[in-house]
Amino acid sequence: MQICHLYVQKEKKGVVQNAERVQVIYGIGLHGDCHADGSYRQISILSQRAFLQKQNTTLYPCLQKVHANLIIDGIENVQVGQCLRFGDAVLRITKKGRPCHGICQASEEQNYCLLVNDLFFAVAQTDGMLSLGMKGEIL
């Protein structure tokens with residue numbers, strides 16, 4: 001598994017900014033991100049597969065509203081409760097997906113919703129640093 005993109009959103013409904021690296025703060029989330037509040041949704045993660053489909057607004061209009069902190073290739077089979085390690089940073093998956101809006105052509109035709117299956121939320125289990133291209137593992 002590998003980090004393909006990193007994003008930080010300083011204010012809710014604010015601009016989502018690309019980042020080369022970002023500090024993970026134990027129990028809080030990503031330094032400088034508006035969702036770093038200690039909740040079970042401190043860090044949002046989207047699979048690279050879903051991220052690439054965001055460009056297809058006809059098939060996946062619901063993905064247009066998703067602004068994940070991390071875009072990770074190879075995360076699709078991770079389960080709630082599992083931990084991911086990227087260097088010193090350990091993230092525990094707390095939630096998988098959001099409810100399907102049922103508005104996208106793909107969920108109707110393929111009976112598969114990327115919003116349900118390829119979006120994850122995590123909490124910071126340790127301090128650490130994340131950077132683009134960093135490889136990780138499931139613990």
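# Pocket, cores and salt bridges

Tutor: The lining of the largest pocket divides into 5 nonpolar, 6 polar and 5 charged residues. This is a predicted model.

Student: How much space lies in the largest pocket?

Tutor: The largest pocket holds about 230 Å³ of space.

Student: And which lining residues are closest to its centre?

Tutor: Gln9, His35, Ser44, His67 and Arg98 are the closest to the centre, out of the 16 residues that line the largest pocket.

Student: Which elements give two or more residues to that lining?

Tutor: Strands β5 and β9 do.

Student: Back to Ser44. Where is the place of serine 44?

Tutor: Serine 44 sits in strand β5.

Student: Is serine 44 buried or exposed?

Tutor: Buried, because its relative accessible area is 10%, and the cut-off for buried is under 20%.

Student: What does serine 44 touch, leaving out residues up to four places away in sequence?

Tutor: With those left out, serine 44 touches His67, Ala68, Asn69, Leu70, Phe120 and Phe121. His67 is also one of the residues closest to the pocket centre.

Student: New topic, the nonpolar core. Which residues of the largest one touch the most other members?

Tutor: Ile43, Ile45, Leu70 and Leu130, in a core of 23 residues.

Student: Which strands each supply at least two residues of this core?

Tutor: They are β1 (2–9), β3 (21–25), β5 (43–47), β6 (70–73), β7, β8 (89–96) and β9.

Student: What about leucine 130, what does it touch beyond four places in sequence?

Tutor: Leucine 130 touches Ile3, Leu6, Glu20, Arg21, Val22, Val24, Leu30, Leu70, Phe86 and Ala89. Leu70 is itself one of the core residues that touch the most other members.

Student: What other core lies apart from the largest one?

Tutor: Another core, of 11 residues, lies apart from it, and its members include Tyr7, Ala50, Ile71 and Leu114. As a general point, nonpolar side chains in soluble globular proteins tend to be buried together.

Student: I also had isoleucine 93 selected. Which strand is that in?

Tutor: Isoleucine 93 lies in strand β8. At 0% relative accessibility, isoleucine 93 counts as buried.

Student: What does isoleucine 93 touch, again without residues up to four places away?

Tutor: Isoleucine 93 touches Ile45, Val78, Gln79, Val80, Gly81, Gln82, Leu84, Phe120, Phe121 and Ala122. The C-alpha atoms of isoleucine 93 and alanine 122 are separated by 4.3 Å, with the two residues 29 apart along the chain.

Student: Switching to charges. How many salt bridges does the count come to?

Tutor: The count comes to 2 salt bridges. In one of them, aspartate 118 pairs with arginine 49, and the closest N and O atoms are 2.8 Å apart.

Student: Where in the chain are aspartate 118 and arginine 49?

Tutor: Aspartate 118 is in the loop between α3 (114–117) and β9 (119–124), while arginine 49 is in helix α1 (residues 48–53). The pair links distant parts of the chain, 69 residues apart.

Student: Is aspartate 118 buried or exposed?

Tutor: Aspartate 118 is buried, with a relative accessible area of 0%. Arginine 49 is partly exposed, at 37% relative accessibility.

Student: And what does glutamate 137 form a salt bridge with?

Tutor: Glutamate 137 pairs with arginine 85, with 3.0 Å between the closest N and O atoms. Glutamate 137 is in strand β11 (residues 137–138) and arginine 85 in strand β7 (residues 83–86), 52 residues apart.

Student: What relative accessible area does glutamate 137 have?

Tutor: Glutamate 137 has 38%, so it counts as partly exposed. Arginine 85 is partly exposed too, with a relative accessible area of 34%.

Definitions and conventions: Residues are numbered from 1 along each chain as its sequence is written. This is a predicted model: local features need pLDDT of at least 70, side-chain atom pairs count only at pLDDT 80 or more; totals for chains, interfaces and linings use all residues. Side-chain values use heavy atoms; hydrogens and water are left out. A salt bridge is a side-chain nitrogen of Lys or Arg within 4 Å of a carboxyl oxygen of Asp or Glu. Helices (H or I, at least four residues) and strands (E, at least two) are DSSP runs, numbered from the N terminus. Buried means under 20% relative accessible area, exposed over 50%, partly exposed in between (1.4 Å probe, protein chains only). A nonpolar core is a set of buried Ala, Val, Leu, Ile, Met, Phe, Trp, Tyr and Cys residues joined through side-chain atoms within 4.5 Å. Contact means heavy atoms within 4.5 Å. On a 1 Å grid over the protein atoms alone, a cavity is a set of points where a 1.4 Å probe fits but cannot get out, and a pocket is an open set with protein on both sides within 12 Å along at least five of seven lines; lining residues have an atom within 4 Å of a point. Grid points are joined across faces, edges and corners, and a volume is the space filled by probe spheres set on the points. Ala, Val, Leu, Ile, Met, Phe, Trp, Tyr, Cys and Pro count as nonpolar, Asp, Glu, Lys and Arg as charged, and the others, Gly among them, as polar.
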